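Please look over the model below with its open spaces in mind. The report that goes with it is meant to be read beside the coordinates.

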Amino acid sequence: MTTSAVRTACTGRATAVSATPAVRATPEPAASGSRAPSRLRALGPNWYAAVMGTAIVPAAGTVVPVRPPHAVLAGVWGLAAVGLLVLLVARAGHWLRHRDRARAQLLDPVEAPASAPFHACTAMALLAVGGAALALRVPGAVGVDAALWTAGTAVGLVAAVGVPYLMITRHEVGPRDAGPVWLLPVVAPMVSAALGPPLAAHLPAGQPRATMLLGCLALFGMSLLATLLILPLVFGRLLFHGPLPVPATPLLFLVLGPLGQSTTALGNLADAEPGSYGALSVLYGVPVLGFALLWLALSGALVVRAARRGMGFSLTWWAFTFPVGTCVTGAAAVWRHTGAEVFGWLATGLYVLLVAAWATAAVRTLGGLFGGALPAAPR
């Protein structure tokens, strides 16, 4: 786009450790010689989802018809920015002090399929914080967004190529392992495509601006086609192997990410070049949002089913935030380009859902942090 640990949204093989997102209350053991569990050692890349989910709240709040107070949105953005800085430092410390764990999260044939896709969340957290800064016009927003967009796009491209490469050459995966987290690496370029056009408006007219807009369109195509390859695997896994394990069920909301973000991307391109992308943004956005609502209803029903079976809080709950936020910005983009009030109301309703999900996930996450059950890494 998510106190417990996240793994992939799929069941594992009977002969190996499962690659399914699971909830474990016990933090990762520390390195030998330490009596107390190391919270830094248990830190995983999935924590960047909390930054993404926080940053999308103020960003989406700037495009809905009924806008929250700017001071409130700026305060939430400040939380996201601080969270990003803390996580960047903490993850650097994780690589320095617990390199064996960091390498296992990326390269281990059994463990990495659960954790490696979450490395793309680093890119999306950078992009989300930068894009929200520009949307809110915080002091120095253009410079902040330019730096974070550049860094996030570079990291996202590496993840979009590197994670599938590792899945093909190093990881042990099968048809039952396909899950929504597989979308994370290929969605990162779509986030760049969506947040690039507002930044391109600050470039000189002519070749610099046109080049960036065409680059965003290329990122859009890259991510969209890769998503179309993965979505049938995800639905096939559900259809032929049944619902995800109870703790993993919120990860179904990750499918909303590429749907809402691609609609947002074309809408923002249409804002920059109405003559070139205006009609395309509507012709694409309306049916894709229709499918997003279908998936939202299906995922919501499966979440209710999981709740009845005892689904407790885990970091997978952050999947309720960023993907829903992209649908808010996507619906708002269609509203801008059609004038149809129904899409404005749709964006508002989804924004209410986003705020409720974010508040719940944030409170429960803070409770886990102060209670000692978090951090937790994906398994």
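Predicted model: local features only at pLDDT ≥ 70, side-chain atom pairs only at ≥ 80, totals over all residues.

Residues are numbered from 1 along each chain as its sequence is written, and side-chain values use heavy atoms, with hydrogens and water left out.

**Fold and surface**

The chain has 12 helices and zero strands, where helices (H or I, at least four residues) and strands (E, at least two) are DSSP runs numbered from the N terminus. Of its 379 residues, 56% are buried, a term that means under 20% relative accessible area with a 1.4 Å probe, protein chains only. The accessible surface, computed by the Shrake-Rupley method with a 1.4 Å probe, comes to about 15,200 Å², and 71% of this area belongs to carbon and sulfur atoms.

**Pockets**

A pocket is an open set of points on a 1 Å grid over the protein atoms alone, where a 1.4 Å probe fits and protein lies on both sides within 12 Å along at least five of seven lines; its lining residues have an atom within 4 Å of a point. A volume is the space filled by probe spheres set on the points, which are joined across faces, edges and corners. In the class counts, Ala, Val, Leu, Ile, Met, Phe, Trp, Tyr, Cys and Pro are nonpolar, Asp, Glu, Lys and Arg are charged, and the others, Gly among them, are polar.

| Pocket | Volume | Lining residues | Classes |
|---|---|---|---|
| Largest | about 850 Å³ | 34 residues | 20 nonpolar, 10 polar, four charged |

In the largest pocket, A59, T62, V63, A135 and P198 lie nearest the centre. Helices α1 (48–61), α2 (70–97), α5 (120–136), α7 (184–200), α9 (256–272) and α11 (322–338) each supply at least two residues of this lining, and the largest share, seven residues, comes from α5.

L302 is found in α10 (residues 274–308). Leaving aside residues up to four places away in sequence, L302 touches T249 and L252, contact meaning heavy atoms within 4.5 Å. The C-alpha atoms of L302 and L252 are separated by 8.7 Å, although the two residues are 50 residues apart along the chain.

Terms used
Buried < 20%, exposed > 50% of the residue type's maximum accessible area, 1.4 Å probe, protein only.
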